[in-house]
Amino acid sequence: MVKKVSILGSTGSIGCNALDVIDSLNHNEYNIKVICLSTNSRISLLAEQIKKHSPETVVIGDKKAYEEFKSNFSFPETEILFGNDALSEISGRDNYELLISALVGFSGLRPTVNAIKSGKDVALANKETLVVAGKLINQLIEKYKVKLIPIDSEHSAILQCLAGENISSVSKIILTASGGPFRNKTLKQMKDITVEEALSHPNWKMGKKITIDSATMMNKGLEVIEAKWLFKTETEKIDVLIHPQSVIHSMVEFIDGSIKAQLGIPDMKIPIQYAITYPDRINSVHSKMDFNLFNSLTFENVDTDKFRCLRIAYDVIKEDSSSAVVMNAANEIAVDLFLNGRIDFLSIPDIIERELDRHKPSPDTDLENIINVDKDTRIYLREKYSI
Ligand code: MN
């Protein structure tokens, strides 16, 4: 049987890994057909992906990159579209079954909503979608009877720990965190962190946005919120534990005191493959664990005075309101400002906190309200910093 898959964000780290996983699955009793691919501006890589996977459609997000692609490449068999509206439109089409959403940030929301509304299962790497619209997404999943399978390694771990268990037997979800490159720095030292230092993550090779989020630990904050919606758990039951080796991808503690953990080498291909084949497991050619290389697993608590973004995320999710949208938008802008050398590292939580103070939270969770709150936050900050 052929499984038809679309990958949004196919030239990013998750997207490229997903195509590798699909290749290996296709050599191994699976038959996956790639229907749609998308990139923001990496057109040469997209062209290579088209040659290899012959998708029916590709979408290019950036206007200049789109024009350049049209003049430099010719793929008469492939429909070439431009922009965010096209991403949303192709997500709602009937020509595929599983959406792999590997877009960055808020831009992943509308395509995911359209995919669910047209009855598609979604393998989700784009955690921001659940951060800004978790309640809405859960309502839609129920209404349209689709599956939402996490690609995020921690959430894949939790899903695997929960297999065969009753959610009411869970006493704690323990999200592990590498702690990023700065867990041993003092708050004073963190002021002078350079972009280069922040972009060198100890364990994972990822896109820029998520790498900075890992360095501030906002990534873990986003993941706490993601876990709340995915597993319908109270935030009080979600703990974060630093585990620098990134071998235990997360754990679940049950009411009888038993704990399950999911382990594996830090390689995103493993959770990506699980999301594609879920709930089945298929042979994998990817590297297996060698315990001699990881003979010491250590744990420590997070210092939220140093990593304020994590505390902000915990505060925001208490409310279950539009504040999460503001936090996410302000974080995206602040990360951009930091990457462009406009602000220092510790100003990232400052900007987010100031935006949250300015915002009057509303419990309204419809799509239009979410989009408006996001837009207002961005417009205000872009003006303020003349971006
Ligand atoms: Mn993660």
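Me: What do the buried residues of α10 pack against?
Reply: This is a predicted model, in which local features need pLDDT of at least 70 and side-chain atom pairs count only at pLDDT 80 or more, while totals for chains, interfaces and linings use all residues. Residues are numbered from 1 along each chain as its sequence is written, and side-chain values use heavy atoms, with hydrogens and water left out. Helices (H or I, at least four residues) and strands (E, at least two) are DSSP runs, numbered from the N terminus. Taking contact as heavy atoms within 4.5 Å, the buried residues of α10 pack against α6 (128-144), α9 (195-198), α11, α13, α14 (323-339) and α15 (347-358).

Me: How many residues of α10 are buried?
Reply: Buried means under 20% relative accessible area, exposed over 50%, and partly exposed in between (1.4 Å probe, protein chains only). The buried residues of α10 are K209, T211, I212, D213, S214, A215 and T216. Helix α10 is therefore largely enclosed by the rest of the structure, and the count of its buried residues is 7 of 9.

Me: At what angle do helix α10 and helix α11 pack?
Reply: Axes are lines fitted to C-alpha atoms, for helices over the stretch in contact, and angles run from 0 to 180 degrees between N-to-C directions. Helix α10 and helix α11 are therefore roughly perpendicular (65 to 115 degrees) to each other. Their axes lie 5 Å apart, and the packing angle is about 95°.

Me: Which residues in α11 meet α10?
Reply: By class, this contact has 3 nonpolar, 3 polar and 2 charged residues. Here Ala, Val, Leu, Ile, Met, Phe, Trp, Tyr, Cys and Pro count as nonpolar, Asp, Glu, Lys and Arg as charged, and the others, Gly among them, as polar. From α10 come K209, I210, D213, S214 and T216, and the residues that they meet in α11 are M218, N219 and L222.

Me: Which strand does β2 join in parallel over 4 bridges?
Reply: Two strands pair if DSSP finds at least two bridges between them. Strand β2 (residues 32-39) has 7 of its 8 residues buried, and it pairs with β1 (residues 3-8) in the parallel sense over 5 bridges, with S6 standing opposite C36. In the other pairing L37 has V58 as its bridge partner, and the strand that 4 bridges join to β2 is β3 (residues 57-60).

Me: Through which helix does the chain cross from β2 to β3?
Reply: A crossover is right-handed if, with the strands pointing away from the viewer, the path from the first strand over the helix to the second runs clockwise. A right-handed β-α-β unit is made by β1, helix α1 (residues 13-26) and β2. The crossover from β2 to β3 is right-handed as well, and its helix is α2 (residues 43-53).

Me: Is E29 buried or exposed?
Reply: E29 lies in the loop between α1 and β2, and its phi is near 65°, a positive value in a residue other than glycine. S54, in the loop between α2 and β3, likewise has a positive phi, about 40°, and is partly exposed at 45% relative accessible area. For E29 the relative accessible area is 66%, so this residue is exposed.

Me: Where is the place of P279?
Reply: The peptide bond from Y278 to P279 is cis, with omega near 0°. P279 sits in the loop between α12 (269-277) and α13 (308-319).

Key:
Parallel < 35°, antiparallel > 145°, perpendicular 65-115°, else oblique.
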